[in-house]
There are 4 protein chains.
Amino acid sequence: MRLRIETELNYAFAEPTQVIGLVHAASSSDQLIVTESFEIASGASAAIDVGNHGQRRFRSCFCGSELVRYQADIDNGERELLPSAGRQHLWSELPADVLHYLLPSRFCPSDRFQRFAQREFGGAGDGVARVMAILDWISRHVDYVHGVSTAETTAAETFTVRAGVCRDFTHLGITLCRALSIPSRAVGAYALDLNPPDFHAVMEVFLDERWWLVDVTRLAPVEGLVRIAHGRDAADIAFLTTDRPSEMLGQNVSVSRL
Amino acid sequence: MRLRIETELNYAFAEPTQVIGLVHAASSSDQLIVTESFEIASGASAAIDVGNHGQRRFRSCFCGSELVRYQADIDNGERELLPSAGRQHLWSELPADVLHYLLPSRFCPSDRFQRFAQREFGGAGDGVARVMAILDWISRHVDYVHGVSTAETTAAETFTVRAGVCRDFTHLGITLCRALSIPSRAVGAYALDLNPPDFHAVMEVFLDERWWLVDVTRLAPVEGLVRIAHGRDAADIAFLTTDRPSEMLGQNVSVSRL
Amino acid sequence: MRLRIETELNYAFAEPTQVIGLVHAASSSDQLIVTESFEIASGASAAIDVGNHGQRRFRSCFCGSELVRYQADIDNGERELLPSAGRQHLWSELPADVLHYLLPSRFCPSDRFQRFAQREFGGAGDGVARVMAILDWISRHVDYVHGVSTAETTAAETFTVRAGVCRDFTHLGITLCRALSIPSRAVGAYALDLNPPDFHAVMEVFLDERWWLVDVTRLAPVEGLVRIAHGRDAADIAFLTTDRPSEMLGQNVSVSRL
Amino acid sequence: MRLRIETELNYAFAEPTQVIGLVHAASSSDQLIVTESFEIASGASAAIDVGNHGQRRFRSCFCGSELVRYQADIDNGERELLPSAGRQHLWSELPADVLHYLLPSRFCPSDRFQRFAQREFGGAGDGVARVMAILDWISRHVDYVHGVSTAETTAAETFTVRAGVCRDFTHLGITLCRALSIPSRAVGAYALDLNPPDFHAVMEVFLDERWWLVDVTRLAPVEGLVRIAHGRDAADIAFLTTDRPSEMLGQNVSVSRL
């Protein structure tokens with residue numbers, strides 16, 4: 001699938017502020033960058049580095065009103081979906097750089113969920129079957145509701161409150177996977193069909209020797225997702241991290257099919 | 001049922017320390033004090049006041065090694081058990097002094113459980129049926145395990161971790177009742193058949209115009225419970241509250257049938 | 001001082017919803033109700049009970065759009081201010097119904113603050129001097145900022161974040177007082193000079209055998225405060241508690257000097 | 001300085017349990033492994049991988065009573081101490097793999113500490129001066145006390161309670177550094193002069209283009225520290241992570257000067 005992304009971030013900074021931005025589509029074999037432009041209207045310089053999995057990050061220093069524009073045409077090719085069966089690895093078989101996605105993190109306290117996860121999903125067959133059981137459970141028990149969660153909400157709180165947005169669904173999915181020893185991480189993404197359009201949070205699980213993209217909210221088709229960055233949880237994939245308070249003046253994300 | 005209670009608390013206080021103690025059996029029509037003795041070995045003076053529901057509290061100032069002894073023979077008569085049916089009151093029908101047992105409290109954040117409680121127990125019939133459904137759910141989903149919880153553990157944490165002790169079971173029971181608008185409170189108690197013997201935490205629910213005693217852990221028979229004090233949650237019913245750190249030297253609680 | 005209060009609460013309820021409301025000025029010797037009217041526009045019936053300290057609470061069942069109007073003229077007489085000196089009581093001297101205002105509560109985890117409070121304020125002289133030291137510390141270290149706290153924020157979080165609104169200032173004040181064994185409670189109030197006008201949260205401390213009203217934010221003069229209700233913390237003094245979600249359509253609070 | 005390390009971990013596993021272990025001294029230019037032995041008494045096989053900074057991790061599957069022995073002689077050479085002055089980097093100057101040590105993590109919610117850190121340490125001069133001011137503040141305000149914290153305790157809780165152990169001191173140090181944009185990470189270590197001997201937690205800060213080791217507790221001399229592993233906080237550097245509960249039968253850590 002070919003997708004066009006158009007993003008505008010307009011923020012005000014009262015004083016010179018260091019920023020880290022994650023708006024570039026990751027560049028990888030299952031997500032080709034056809035064309036792309038990135039612009040900071042004020043002309044502030046930005047350094048862009050490339051991480052593993054093709055993740056790109058810009059760093060700059062902003063002051064006053066700043067407008068960031070990113071546009072790209074992306075070719076997702078024929079992205080493979082999570083297959084109907086797939087083996088979960090033993091810890092000893094996992095690549096070393098996957099291991100920390102087994103551990104609890106700030107918003108994903110998976111260590112506290114071991115009893116629940118084992119009892120509810122422990123008998124669900126192979127790795128894919130467990131992930132599917134977790135996704136089903138979340139969609140039956142958690143309501144998609146704006147305004148009940150904040151940027152501080154953890155998966156444990158969402159598990160209690162039974163409501164949240166994409167970030168909360170993703171954290172709960174990650175947490176339950178990790179509680180069953182399935183490596184899982186958060187992915188910031190652009191997504192087709194989101195209403196209203198916005199940055200999206202989804203997860204990846206590691207099964208059968210590779211990462212698979214999964215939308216825990218089931219709002220967007222997997223082939224309509226464009227990965228920006230991955231990390232342990234939302235703390236790692238914020239589209240804008242700043243060292244001082246900032247004020248949003250406007251923000252537009254648009255994703256359309258070409 | 002007639003019960004004999006023998007309690008010894010032996011604590012060390014490095015400096016003069018204010019204490020509030022809850023060790024006296026509450027004195028009420030369904031729990032008659034047949035004989036009773038209360039003694040502070042050091043001779044420190046204590047003031048005892050009587051609260052509603054017959055709750056008695058002592059206050060003193062302790063220093064050095066202090067030994068408190070309480071003994072009583074109690075006649076529980078024929079304590080009524082929660083009946084098989086019983087109506088839940090509208091808020092407008094409740095006595096004014098019952099209302100705050102509808103509110104969330106420190107260890108019982110009932111406001112966060114409304115979706116879960118409504119979905120899981122909302123269709124369970126009258127008030128008693130809902131309480132029974134809650135008790136059943138807790139005993140199927142939460143394991144009685146020492147060492148997984150602390151004095152700071154909330155019902156939300158127990159709901160996630162799915163394990164705890166009497167205090168945690170009670171907090172979860174109270175929380176789920178309040179989330180369904182059933183007034184509920186924590187009760188510190190002596191209990192028959194506890195192994196090892198210790199202070200016990202149970203709950204009371206308000207249905208059909210009165211409070212009913214319920215042991216969420218199902219460890220002790222209701223007629224084998226002797227109420228000490230009630231409150232919103234464990235913070236209110238600690239057997240010893242002090243204004244400085246203290247060190248436990250020894251503690252014995254014994255409850256036997258006469 | 002004579003004050004005129006005008007309050008309008010306009011809320012929408014999707015289904016029949018039980019409500020507890022706290023909008024009436026408390027009726028007491030230092031706060032005389034000169035004239036007063038209370039009206040529910042839909043004609044829904046309401047039961048009003050009177051608690052201790054003159055606190056009045058209404059209960060009703062609301063559905064659809066509901067408008068509550070409360071108007072009163074209040075005579076605060078010559079309300080006494082916290083004197084320049086005043087003794088803190090021993091626990092053993094306190095009236096029994098004051099004791100639970102020594103205990104930690106949901107938003108005021110005073111037990112965790114004992115080391116800090118003792119080190120920072122322990123040497124500050126008598127009870128009033130300690131309260132004044134706490135108020136000074138808060139006003140030097142905590143910024144009054146909207147949007148950094150929520151209805152779930154505890155005093156421990158405010159202590160870390162160093163910013164909040166009246167509710168947060170009050171919780172921190174209460175917490176620090178209790179950590180020093182000074183009974184302290186939350187008071188919902190109408191307040192002169194608040195900008196924008198809104199319900200206000202202040203605290204009361206118990207010294208020299210009585211409660212004293214204190215505005216931790218220092219935004220309103222004590223003689224310009226009209227008490228509505230008191231409780232352990234904000235959970236107890238919400239102007240509207242409901243058993244189902246509601247939606248605010250409009251809300252006006254006006255306090256003026258007569 | 002030359003150091004001899006002897007470690008024995010003896011744990012019981014009720015069923016086959018996956019484990020990740022961090023007991024090997026990191027192998028790096030400022031920490032040479034002179035001799036070394038690693039043994040699992042049961043003969044269970046273990047895979048060892050080497051991460052960046054020379055960190056080594058073993059993975060195995062344990063069952064029944066398992067005894068792990070690690071011994072090593074280490075030459076720390078002349079380890080450089082944090083110099084008396086040193087520049088803090090702009091975000092844009094930092095190596096890409098250092099950036100996530102600026103972000104809040106599970107036990108180090110640095111985002112909530114920005115006001116406090118800026119006000120208390122913001123004026124302290126260059127990077128080293130700020131780190132020194134943080135270390136001084138912690139040693140003046142936090143008591144080293146066993147039993148007040150658990151494996152769930154965050155830096156925010158330690159900041160409130162003002163007491164904890166090495167793990168808590170380290171988390172607070174890391175949190176305050178990150179709140180000032182100084183990259184900081186947790187390091188699991190062996191340490192000379194610890195009493196009783198145990199695994200130790202210290203921190204590293206990134207200044208002047210490199211990481212510097214710092215013991216926030218000031219219990220051990222920096223040249224007497226042997227790094228095992230680093231990570232965002234204690235969740236990443238546990239000496240034993242397991243996918244099922246385990247029971248400690250015995251544990252010995254000994255560090256001596258050669």
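A residue is called buried at under 20% relative accessible area, exposed at over 50% and partly exposed in between (1.4 Å probe, protein chains only). The model is predicted, so that local features need pLDDT of at least 70 and side-chain atom pairs count only at pLDDT 80 or more, while totals for chains, interfaces and linings use all residues. Residues are numbered from 1 along each chain as its sequence is written, chains are lettered from A in the order in which they are written, and side-chain values use heavy atoms, without hydrogens and water.

Rings of Phe, Tyr and Trp (its six-membered ring) pair if their centres lie within 6.5 Å; planes under 30 degrees apart count as stacked, over 60 as edge-to-face and the rest as tilted. Over all chains, 62 aromatic pairs are counted. One of them is the tilted pair of C:Phe159 and D:Phe159, with 5.2 Å from centre to centre and 35° between the planes. This pair crosses between chains, joining helix 3 (residues 155-161) of chain C to helix 3 (residues 155-161) of chain D; helices are DSSP runs of H or I with at least four residues, strands are runs of E with at least two, and both are numbered from the N terminus. C:Phe159 is buried at 0% relative accessible area, and D:Phe159 is buried at 0%.

Within chain D, the rings of D:Phe38 and D:Phe58 are tilted, with centres 5.0 Å apart and planes at 50°. D:Phe38 belongs to strand 2 (residues 32-40) and D:Phe58 to strand 4 (residues 56-75), so the pair ties together parts 20 residues apart in sequence. D:Phe38 is partly exposed at 25%, whereas D:Phe58 is buried at 0%.
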